[in-house]
Structures are given as structure tokens and as C-alpha cells.
There are 2 protein chains.
Amino acid sequence: MTFANAGTLGTLPGKRDELVTHLTRRSNMLGEIGCLVYEVGVADDHPDTVFVVELWKDEQSHQASLALSEVQESIAAVRPLLSGEFGGFRFTVVGSPLHG
Amino acid sequence: MTFANAGTLGTLPGKRDELVTHLTRRSNMLGEIGCLVYEVGVADDHPDTVFVVELWKDEQSHQASLALSEVQESIAAVRPLLSGEFGGFRFTVVGSPLHG
């Protein structure tokens with residue numbers, strides 16, 4: 001079943017846009033391993049936070065992605081930008097009004 | 001620019017699945033007014049919470065949707081199911097690694 005991750009990543013002051021650049025770097029691999037949606041964004045009222053919404057083919061695909069070397073390297077690269085504040089939630093998709 | 005809403009809706013005990021049924025009822029209107037994604041879900045560790053992730057063509061589309069009679073009626077119908085606990089966040093999408 002489709003798995004969703006909605007998250008917030010706090011950054012050190014002024015590092016938000018650098019984190020956005022990392023997270024939006026084109027990756028063919030993500031789609032190949034089951035990532036259906038991966039939107040990255042910002043909000044004016046939270047200048048040091050990056051927001052993400054991800055949809056995955058299933059929870060296993062998401063878990064497996066975290067073990068990939070490309071993803072591990074990306075996580076290591078952005079760690080110096082992060083404040084350590086994380087938020088959000090994960091859930092199993094059970095339906096949508098857009099497609100029955 | 002694409003607008004995202006990721007939210008949690010607390011329900012009264014045992015009312016979660018009834019809220020899911022309401023929120024996943026097929027609506028052609030939502031797509032017509034600019035809703036791109038609307039996924040509804042649940043999580044085992046939060047038995048009285050419904051989760052949603054929405055993507056809209058822009059923030060105006062989302063705002064406009066809240067004023068529609070169909071949406072107003074839906075909100076009125078589910079209100080008795082809600083505990084009053086809401087969470088989540090909204091943001092402006094700035095990019096995606098899937099379609100860089």
C-alpha cells in the first residue's frame with residue numbers, strides 16, 4: 001500500500017535554500033526504487049525550515065531507499081545544514097477522493 | 001506555484017474509519033478546481049487520527065475550495081466525528097528530485 005511521509009527539517013539560520021538545492025537535485029534512482037511523489041518546499045513564516053511530502057509505492061521501498069549509498073551520501077552531505085529539529089508524520093494511504 | 005497541505009485530524013474514539021470514508025468519497029470537482037493529489041491515510045500507532053496530504057495547483061485553488069458548497073457540506077458532515085485536535089503544515093513547493 002502507498003506509504004506517505006510528510007516531514008519538516010529545521011536548518012541552521014540561513015541554510016534553508018542550500019538544503020533545498022540538495023533535496024531537489026535530480027535523481028532518476030528515486031523513481032526507479034518506488035518513489036511516486038517527492039515535493040520539497042518552503043514557507044514564509046518558517047524561514048529556517050524545509051518541508052517535504054513523499055509518496056512511495058510501499059513502506060518497504062521507503063525503508064530500502066535509506067540504505068542506498070546515494071541516499072546515505074546525500075544525508076551525510078546535508079547533515080551540517082541541519083539544526084536537529086525534525087517534525088512530521090508517516091502514514092499508510094487508504095484512499096483518495098481523486099481516484100475512487 | 002504548487003501548494004502543499006499535510007495535515008492530521010484527530011477523531012473521537014472509534015470514528016477514524018468513518019472520517020476516512022467521508023474524505024475518500026469520489027469527487028470530480030476537486031480535480032476540476034486544481035487539486036493534484038489528495039491522499040488520505042491511517043497509522044497503526046495513532047488509532048484516532050486521519051492523515052492527509054494534498055497538493056494543489058496553487059494556494060488560491062486550495063483557498064477557493066474551502067468556500068465551495070460541496071466542501072462546506074462535507075466539513076459540516078464530518079464535524080461530529082472530530083476531537084478538535086489538528087496538526088500539520090502547509091508550504092509552497094519549490095522543486096522535486098523526480099522532475100528536476
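The model is predicted; local features need pLDDT of at least 70, side-chain atom pairs count only at pLDDT 80 or more, and totals for chains, interfaces and linings use all residues. Residues are numbered from 1 along each chain as its sequence is written, chains are lettered from A and ligands numbered from 1 in the order of writing, and side-chain values use heavy atoms, with hydrogens and water left out.

The size of an interface is often given as the accessible area lost when the parts come together. Here, the area buried between chain A and chain B is about 2900 Å². Buried area is the accessible area (1.4 Å probe) that two parts lose on being put together, summed over both. Carbon and sulfur atoms give 71% of this area. On the side of chain A, F89(A), P97(A) and L98(A) supply 24% of the area buried against chain B, more than any other three residues.

Polar contacts cross the interface of chain A and chain B in 15 residue pairs, with both residues at pLDDT 80 or more. A polar contact is a pair of N or O atoms within 3.5 Å; within protein, one must be able to donate a hydrogen and the other to accept it, and residues adjacent in sequence count only if both atoms are side-chain atoms. Salt bridges across this interface number zero. The term stands for a side-chain nitrogen of Lys or Arg within 4 Å of a carboxyl oxygen of Asp or Glu.

Helices (H or I, at least four residues) and strands (E, at least two) are DSSP runs, numbered from the N terminus.

β2(A) runs antiparallel to β4(B), residues 82-95, and three bridges join them. Two strands pair if DSSP finds at least two bridges between them. One bridge sets V42(A) against T92(B).

Within chain A, β2(A) and β3(A) pair in the antiparallel sense over seven bridges. G41(A) has F51(A) as its bridge partner in β3(A). The hairpin that joins β2(A) to β3(A) passes through two residues. β3(A) also pairs with β1(A), again antiparallel, over eight bridges. There, L9(A) is bridged to V50(A). Eight of the eleven residues of β3(A) are buried, so this strand is largely enclosed by the rest of the structure. Buried means under 20% relative accessible area, exposed over 50%, and partly exposed in between (1.4 Å probe, protein chains only).

S96(B) lies in the segment after β4 of chain B. It is buried, with a relative accessible area of 2%. The S96(B) side chain reaches the backbone oxygen of Y38(A) at 2.6 Å. Not counting residues up to four places away in sequence, S96(B) touches T24(A), Y38(A) and E39(A).

Side chains of opposite charge can pair when their charged atoms come close. Over all chains, the salt bridges come to four. One of them joins E18(A) to K15(A), with the closest N and O atoms 3.8 Å apart. E18(A) is partly exposed at 38% relative accessible area, and K15(A) is partly exposed at 31%. In chain B, E18(B) forms a salt bridge with K15(B), the closest N and O atoms being 3.8 Å apart. E18(B) is partly exposed at 39%, as is K15(B) at 31%. D17(A) and R16(A) meet at 3.0 Å, N to O. D17(A) is partly exposed at 47%, whereas R16(A) counts as buried at 18%.

I75(B) sits in helix α4 of chain B, residues 69-78. It is partly exposed, at 31% relative accessible area.

Key:
Contact means heavy atoms within 4.5 Å.
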